[in-house]
Amino acid sequence: SDLAKIHQGFQWVLDPDGDASTNDAPDIVNGSWVLQGSENECVGEFADDIAALRAVDIAVVFAAGNSGSGSDTSMEPANDPGSLSVGAIDPARRVTSSSSRGPSACNQDIYPRVAAPGKDVLTAGLTSNGASPTAYAFGTGTSFAAPHVAGVMALLKSAVPSATMAEIEAAVEQGAFDLGAVGADNDSGAGLVDVVNAFFALDSEPPPPPPSDADLDGVPDASDSCPNTPPGDTVDASGCSAS
């Protein structure tokens, strides 16, 4: 069945080359699809698949769905607690009318969790064996918003390789630009994803303090052989007066 094929696809993600000795699993999976007929239902069809991916530190990003503009329109598998659901906004930073809204049918949590551009997004298109004159098309919907977030997470993982995907996911939400009412809401979640703010939220460890230089001669105390050089004296590399 089609569902069985999707389950097999999730299993393939865990070990793409079928060789457990190689580390070829991705850091992020993007799902620009929904389970038809799952509006405002917690079906749980893919709960085990998503849990298996998260257990090995693979982030799961899903399009929130296009069943808006009413509330209670969350979709499977984006409404699974293990998914990072993404809503769509237009160039004016307004939530698109079709973008699905929460709360999540699975746990009544905020849905979607973040938002990204999803209106008239220039993207790769099918050429239909040459029948279409261009390989690009403009697309609208949460399917085009979700990849923005997956890309942001990939950039953050490259910038901070030691970060877990759970930490990156939290930074994406923390660094989002709030839209609408103050705070997270069931229209745009935490807000518009912002890769720079997410980076600072992720890489929050303060820089080490500058080395101590008590006599202010430009040579750190740890390597200063003459720690009491008079102010204004020209010193050599060891901190002693050059004269």
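Which exposed residues are carried by the face of H2 turned away from its buried side? They are Asp48 and Ala55, and the legends below set them in context. The model is predicted, with local features requiring pLDDT of at least 70 and side-chain atom pairs counting only at pLDDT 80 or more, whereas totals for chains, interfaces and linings use all residues. Residues are numbered from 1 along each chain as its sequence is written, and side-chain values use heavy atoms, with hydrogens and water left out.

**Figure 1. The two faces of helix H2.** Helices (H or I, at least four residues) and strands (E, at least two) are DSSP runs, numbered from the N terminus. Residues are called buried under 20% relative accessible area, exposed over 50% and partly exposed in between (1.4 Å probe, protein chains only). Asp49, Ile50 and Leu53 are the buried residues shown in H2. Viewed down the axis of H2, the buried residues fall within an arc of 95°, so they line one face of the helix; the arc is that of the directions from the helix axis to the C-beta atoms. An α-helix has 3.6 residues a turn, so residues three or four places apart point the same way. The buried residues of H2 pack against H1, E1 and E2, where contact means heavy atoms within 4.5 Å.

Figure 2. His7 belongs to helix H1, which spans residues 2–14. With a relative accessibility of 18%, His7 counts as buried. The side chains of His7 and Asp49 are joined by a polar contact of 2.8 Å. A polar contact is a pair of N or O atoms within 3.5 Å; within protein, one must be able to donate a hydrogen and the other to accept it, and residues adjacent in sequence count only if both atoms are side-chain atoms. Not counting residues up to four places away in sequence, His7 touches Glu45, Phe46 and Asp49.

Figure 3. Four bridges in the parallel sense link E1 to strand E2 (residues 59–63). Phe62 is the bridge partner of Gly31 in E2.

**Figure 4. The disulfide of Cys42 and Cys106.** The structure holds two disulfides, a disulfide being a pair of cysteine sulfur atoms within 2.5 Å. The sulfur atoms of Cys42 and Cys106 are 2.2 Å apart, and this link is right-handed, with 105° about the S-S bond. Cys42 lies in the loop between strand E1 (28–31) and helix H2 (47–55) and Cys106 in the loop between strand E3 (84–89) and strand E4 (114–117), so the pair ties together parts that are 64 residues apart in sequence. Cys42 is partly exposed at 43% relative accessible area, and Cys106 is partly exposed at 23%.

Figure 5. Cys226 is joined to Cys240 by a disulfide with an S to S distance of 1.9 Å. This link is right-handed, with 80° about the S-S bond. Both cysteines lie in the segment after helix H5 (195–202), so the pair ties together parts that are 14 residues apart in sequence. Cys226 is partly exposed at 26% relative accessible area, whereas Cys240 is buried at 16%. With the bonded cysteines of the protein numbered in sequence order, the pairing is 1-2, 3-4. Thr234 is also found in the segment after H5 and counts as exposed at 59% relative accessibility. Leaving aside neighbours within four places in sequence, Thr234 is in contact with Cys240, Ser241 and Ala242.

How values were computed: Two strands pair if DSSP finds at least two bridges between them.
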